[in-house]
Amino acid sequence: MPNKAYNCVLAVDIGGTNARFGIIDANGELIGEMNTLPVTLRADGVADEVELVELIRHQLKQATQRVDLLPAVGISLCGNVDRATGEAVLVPNLHWRNVPFGRMIQERCGVEVQIATDVRQAALAEALWGAASGVRNFLWVTVGTGYGGYLFLNGRLYGGSHGFAGNFGHTPLDEVDGYMCGCGQRGCVETFVAGPAIARAGQLALAKEQSQLLADLAASNQDEVTAPMVFEAFEAGDKAAQRILERVIFLICQNLGAAVNLLDLDMIVLGGGVCNGSEWFVKRIDQRIRDFLETVEARRDLQVARESFVDSALWGAAADVFAHRGIVGTSLLET
Ligand SMILES: [Zn+2]
């Protein structure tokens, strides 16, 4: 039996708006409650990295008073991270470029730091404790504020040459007339299928007077349509909302179907705010993707699962620490 009291770690998931904290043990169990705190922005709109480090230090101190913690912290960050140096290379949502975040935490808190991009941490959690436990080849996919994922191939996480594999959301579908994407390109898949794209399509339907229901729902929000409103309208049988979501699902299935055809995957795990908000959305992708798969075997065997945790990236941040310390999941790490 593992010593449960000893194998606890503070995990942190830093998004564009909030940072989430949780103490997680080596069985993947959350100890106590999760804690969510806002990310502080400086006057120039850039997230305050010094303040974030202080927040982590404070949470560590509090957690240490409650449980016997490993001298380490696991971090999930909403951008590209150099795992070897702990540097946040590019984090558009925090307006960070080349912030030595891992080193800052290490120096200020005096603990080991494991830090990686959120999609990679989420894939690790799914492989170790979640839906993809024991699965050999799978793709973690997030549909939320953004659209992207991470690969797990031949029983291990797969980062590619630079650790950036899984950026399939940034393939331009329309590089001429498409909307600008946060990555600097135009017309990426993400600009058609992520939460903001669903909201924008809903807004267009409202402007064209295609949906009275969306207009009614948006009236309580200064006529601004949100993605959850489009789902709410869909649930109520609204035709415009149905068209919007079927189009989004078509594009996602075309995109993910290409990944399955390329890599012969066993499973796709779908997470992120949009997927977590609608059971139907995931079920529909599960059905519809079969139309985009080349082989009978893939159509028959491909599994589509939902995110296993409230926040798989948070669980994965803890798993990353355990894996690096040789406690559990070490064989799942990239070679
Ligand atoms: Zn892009």
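## Pairing and the sheet

Two strands count as paired if DSSP finds at least two bridges between them. The model described here is predicted. By that criterion, strand β1 (residues 8-14) and β4 run parallel, joined by six bridges, and isoleucine 14 stands opposite leucine 77 in β4.

The open sheet has five strands in the order β3-β2-β1-β4-β8, and its pairing is mixed. At its edges stand β3 (30-38) and β8, each with a single partner strand, so one side of each has no neighbour in the sheet. On average, neighbouring strands of this sheet are turned by 20° against each other, with direction ignored.

## Strand β1 and its antiparallel partner

β1 also pairs with strand β2 (residues 18-25), here in the antiparallel sense, through seven bridges. In this pairing leucine 10 stands opposite isoleucine 23 in β2.

## Strand β4

β4 spans residues 69-77; eight of its nine residues are buried, so the strand is largely enclosed by the rest of the structure. Besides its bridges to β1, β4 forms six bridges with strand β8 (residues 112-117), again parallel.

Helix α3 (residues 118-128) lies across β1, β4 and β8. Relative to β8, α3 runs at about 105°.

How values were computed. Residues are numbered from 1 along each chain as its sequence is written. This is a predicted model: local features need pLDDT of at least 70, side-chain atom pairs count only at pLDDT 80 or more; totals for chains, interfaces and linings use all residues. Side-chain values use heavy atoms; hydrogens and water are left out. Buried means under 20% relative accessible area, exposed over 50%, partly exposed in between (1.4 Å probe, protein chains only). Helices (H or I, at least four residues) and strands (E, at least two) are DSSP runs, numbered from the N terminus. Axes are lines fitted to C-alpha atoms, for helices over the stretch in contact, and angles run from 0 to 180 degrees between N-to-C directions. Contact means heavy atoms within 4.5 Å.
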